[in-house]
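Here's a quick briefing for anyone meeting this structure for the first time. Have a look at the picture, then read on for the pocket and the helix packing.

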Amino acid sequence: MSAARGLVALAAVVVALVLQVTLFAHLSWAGVVPNLCLLVVVGAGLVRGAEFAMVLGLAAGVLLDLAPPADHVAGRWALALVVVGYLVGRVRSDVRPTATSVVATVGVASFVGTSVFAITGMLLGDPGLGVGQLLEVVVVALAWDVLLTPFVLPPVMLVFRRLEPHGVAA
C-alpha cells in the first residue's frame, strides 16, 4: 500500500470518528450512536479486501477505543473491527456489489462487530449492561448502521475504488 492510500484511509477513519463522537453523540437512539468507523471498515473490505480492511479496522478500533468518552477496556473495538474487516474482506466478490448485498453485509458486520465488543466486555468484566440490555444495544446499533448505509457507504467505497490502481485487484 502506498503512503497516499494509507493517509486517505486514515483520514476517512478520522473523519468518521470525529463525526461519531461529536455530531452523532447528540443524536443517540437509546444511548447508542451509529458506528461510522465500522461502516468505513466495511467499505474498505468490500472494495480492497480482507488484508487492507483488517489493518484499517485495527487503526479505527484503536482510535475508537481511545477517543473520549471511552469507558471500556481498550482493545475491544480494535478486536471487533479487525474481525469485521476480515469477514467482510473474505466475502468480497470480484463483481460489483449490489445495493441489497451491501446492506446485508453491513447488517451482518454490525451484528458481529457489536456482538464481539459486547461479549469481550462481559468476559473482561467491564461494568455496564446485562445480557438483555446488551441484546437491545446490538439491535439498535444494527438499525443505526443499516439506516446510514446509503449515505456513508457509497462515498466511502468510491474513495477506496479510486485508491486502487486500474487493472489490479487487491
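For sorting residues, Ala, Val, Leu, Ile, Met, Phe, Trp, Tyr, Cys and Pro count as nonpolar, Asp, Glu, Lys and Arg as charged, and the others, Gly among them, as polar. With that in hand, the lining of the largest pocket splits into 19 nonpolar, eight polar and three charged residues. Keep in mind that this is a predicted model.

**The largest pocket**
- Start with the space itself: the largest pocket holds about 920 Å³.
- Its lining is made up of 30 residues.
- If you want to find the middle, look for Gly31, Asp71, His72, Trp77 and Phe117, which lie nearest the pocket's centre.
- Which helix gives the most to the lining? That's α5, with five residues.

**α3 against α4**
- Helix α3 spans residues 50–66 and helix α4 spans residues 76–91; their axes come within 7 Å and cross at roughly 160 degrees.
- Since angles over 145 degrees count as roughly antiparallel, that makes α3 roughly antiparallel to α4.
- The handedness of this α3 and α4 crossing is right-handed.
- By class, the contact of α3 with α4 involves 12 nonpolar, four polar and three charged residues.
- On the α3 side you'll find Ala50, Met54, Gly57 and Leu58 among the contact residues, while the α4 side includes Trp77, Leu81, Gly85 and Tyr86.

**α2 against α5**
- Helix α2 (residues 36–48) packs on α5 at an angle of about 125 degrees, and their axes are 10 Å apart.
- That angle makes α2 oblique to α5.
- As for handedness, α2 and α5 make a right-handed crossing.
- From α2, Leu38, Leu39, Val42 and Leu46 do the touching, and they meet Val102, Thr105, Val106, Ala109, Ser110 and Gly113 in α5.
- Sorted by class, the contact of α2 with α5 has seven nonpolar residues, three polar ones and no charged ones.

**α1 against α2**
- The axes of α1 and α2 come within 8 Å, crossing at roughly 150 degrees.
- These two helices, α1 and α2, are therefore roughly antiparallel to each other.
- α1 brings Arg5, Ala12, Val13, Ala16, Leu17, Leu19 and Gln20 to the contact, and α2 brings Leu36, Cys37, Val40 and Arg48.
- That contact of α1 with α2 comes out as eight nonpolar residues, one polar and two charged.

Technical notes
Residues are numbered from 1 along each chain as its sequence is written. This is a predicted model: local features need pLDDT of at least 70, side-chain atom pairs count only at pLDDT 80 or more; totals for chains, interfaces and linings use all residues. Side-chain values use heavy atoms; hydrogens and water are left out. Axes are lines fitted to C-alpha atoms, for helices over the stretch in contact, and angles run from 0 to 180 degrees between N-to-C directions. Helices (H or I, at least four residues) and strands (E, at least two) are DSSP runs, numbered from the N terminus. Angles under 35 degrees count as roughly parallel, over 145 as roughly antiparallel, 65 to 115 as roughly perpendicular and the rest as oblique. A crossing is left-handed if the near helix is turned anticlockwise from the far one by less than a right angle, and right-handed if clockwise. Contact means heavy atoms within 4.5 Å. On a 1 Å grid over the protein atoms alone, a cavity is a set of points where a 1.4 Å probe fits but cannot get out, and a pocket is an open set with protein on both sides within 12 Å along at least five of seven lines; lining residues have an atom within 4 Å of a point. Grid points are joined across faces, edges and corners, and a volume is the space filled by probe spheres set on the points.
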